[in-house]
Each structure stands twice: as C-alpha cells, then as structure tokens.
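Here's a quick briefing to read with the model open. Have a look at the fold first, then work through the notes below.

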Amino acid sequence: MSIVVTGATGRLGRLVVERLLETGVPAAGIAAVVRDKQKAADLAARGVELRLADYDDPATLTGAFRTGDRVLLVSGNEVGRRVPQHAAVIAAARAAGVAQLAYTGVLGGPEADFELAEEHKATERAILDSGLPHTFLRNGWYTENYTEQLGPVLEHGAVVANAGEGRIASAARADYAAAAAAVLTGDGHLGRAYELSGDTAWSLAEYAAEVAKHSGKEIVHRNVPAETHLEILTGAGVPAPFAAILVDVDRAIERGLLARGDGDLARLIGRPTTPLADTVAAALAHR
C-alpha cells in the first residue's frame, strides 16, 4: 500500500509530497503520479516512487494505482477537459481497488453555482457513482491566486476586479497541502466532505492595502463593471474563455460564495491558517 499523489509535479501536488515527507511518511511509501519523469527527478532521488501516467491517456493510468492505495486526485488545471480526465482516474482507481480516493474540489461543493465549479461538481458525482471510499477536500481560494499575479498590480498601482466588496476566505496553498496530507495519513476521513477555507475573509480593498503596506507603493482597489473587467483581461492577452471564467468568479465572490469559514482547514492542519499579510509579504520578498 502506498500513498499516491497525482499531478505530483504541480504546485499543489508537490507541496503534498513534501508535507508527507516532513511528517515522517517514508519516501518508499509515497508514489508520485507524473507525466514527465524529468520534472520529478528530485523526488525520485529522495526515494519517492514515480508512476508515469497522463490524465488524457486512460491506458497509462492502468498501472498508476494498486490495491489498498490511498490516492489523492489533484484536479487537473485544463478547464473544459477535466471531466473526462478525472473520469479516467476514477475508473483506474476503482479497477485497482484503492482504499481511499481523496479529491481536491471547490468550496461549497454542490452548492457552488459558478462556472469554474461545474467540473468539480461533476467529478464529485462520478466519485459517488463509482462507490469508491472517498474524501472530498473542497478547497477554497489559494491566496497565491492573487500574489502570483502581482506584476500588473505593482505596475499599474491597482487591484482591478468586479467583485465589489465581496470577501475571500483564502489560505496559503501549503495549508491546503497540509490538509490533504493529514487526510491521507489519518483515519476517520472516509465518506467526509471538508469545506476548506482560511480563518479570516478579506476584501480586495484590504488586499490592495496589504500590497501597498508591504511594497511601499500606492496601490488602490478599482472595482469595475464585469464587462469592463472582461475587456481589460482580454486586452492584456488572457484568452477570452478563461477571462470570462475569471469575471464569473468575481461575481461569485461578490455574492459571498468564497467567504465561508467553516474552520475545517485549521482543524485538519492543527493550527491557524496562514494570514493574508504573510503570503503577501513572502511574495514581495521574492520579487
């Protein structure tokens, strides 16, 4: 039996593997499912087993899992293709007889009514239909969704969005990784759905103030109509379909759908979630 992490060279998957190693899971008991062996060479050098597979090639997934494995399905990042990709992983996991399939979905689960949530909801239904022992990790927003895009903010001195005064209960990506590792190594998580979010919700005006504080630059929050935001994003080179999704997410934020704070994340990781200020400061320090 191994603890298996799919998408293990991605930003979340790699952090999960690191967290497992930090908490004492032997490297030989961890399997990293990757598409490119070279990108995972550092993990292999530490003794982590590599299993080559591609979400888009179901045949390669046949050997990705073993009977009794505890598996983390990290959702794919190709919006519009994730339902068939995830279905292939679920089918392979079911055929192998895994002991647990944990899935990184979206905050709110079936109640999330914005476009980006649709593929996550379809995946949860497919997992339920499969009959697999499962755990749903309904991840809220990563603070890094914003701090990894600081370039335009610093250049133009503005956080531009159409989210109004909506609040975001975000946490650092490492917090979500720690929760996944806890669920994969602990007991009592089967059949559970965790609503994972940060301890404190913040507005984009507050985010702009934090960036200003830590950068020493004047940064303002500019709320614009959705149509204007869409034009700004596409004008900056964001593909139109993805720009529309970002605008729709801001609408969801304005409706309060990413503000809920159930406390599940802090309970799973056994500490408070990482404050917004810490992630902003760290991001600016590395620029």
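Is Thr135 buried or exposed? Thr135 is buried, because its relative accessible area is 0%, and buried here means under 20%, with exposed over 50% and partly exposed in between (1.4 Å probe, protein chains only). Keep in mind that this is a predicted model, where local features need pLDDT of at least 70, side-chain atom pairs count only at pLDDT 80 or more, and totals for chains, interfaces and linings use all residues. Residues are numbered from 1 along each chain as its sequence is written, and side-chain values use heavy atoms, with hydrogens and water left out.

**The sheet**

- Seven strands make an open sheet with parallel pairing, in the order β3-β2-β1-β4-β5-β6-β9; strands (E, at least two residues) and helices (H or I, at least four) are DSSP runs, numbered from the N terminus.
- At the edges sit β3 (49-52) and β9 (192-196), each pairing on one side only, where pairing takes at least two DSSP bridges between two strands.
- On average, neighbouring strands are turned by 20° against each other, direction ignored; axes are lines fitted to C-alpha atoms, for helices over the stretch in contact, and angles run from 0 to 180 degrees between N-to-C directions.

- Asn139 stands opposite Leu196 in β9, and Val106 stands opposite Asn139 in β6.
- β6 is mostly covered, with 6 of its 6 residues buried.
- His134, Phe136 and Arg138 point one way from β6, whereas Thr135, Leu137 and Asn139 point the other way.
- A polar atom of the Thr135 side chain lies 2.9 Å from the backbone oxygen of His189.
- Beyond residues up to four places away in sequence, Thr135 touches a set of residues including Gln100, Tyr103, Val183, His189 and Tyr194, contact meaning heavy atoms within 4.5 Å.

**Helix α1 and Arg14**

- α1 lies across β1 (3-6), β2 (30-34), β4 (70-73), β5 (100-106) and β6, running at about 160° to β1.
- Arg14 lies in α1 (residues 11-22) and counts as partly exposed because its relative accessibility is 21%.
- The Arg14 side chain makes a polar contact with the side chain of Asp42 (2.7 Å); such a contact is a pair of N or O atoms within 3.5 Å, where within protein one must be able to donate a hydrogen and the other to accept it, and residues adjacent in sequence count only if both atoms are side-chain atoms.
- Arg14 and Leu43 are 29 residues apart in sequence, but 9.0 Å apart in space, C-alpha to C-alpha.

**Cores and helix α13**

- The largest nonpolar core has 57 residues, and those with the most contacts inside it are Val16, Phe65 and Leu72; a core is a set of buried Ala, Val, Leu, Ile, Met, Phe, Trp, Tyr and Cys residues joined through side-chain atoms within 4.5 Å.
- Helix α8 (residues 173-185) supplies the largest share of this core, 8 residues.
- A second, separate core of 31 residues includes Tyr146, Leu154, Val211 and Val280.
- In α13 (residues 276-285), Leu276, Thr279, Val280, Ala283 and Leu284 are buried. They sit on the same side of α13 because they cover an arc of only 130° around the axis, taken from the directions from the helix axis to the C-beta atoms.
- The cover over the buried residues of α13 includes α6 (144-147), α7 (150-156), β10 (202-203) and α9 (204-215).
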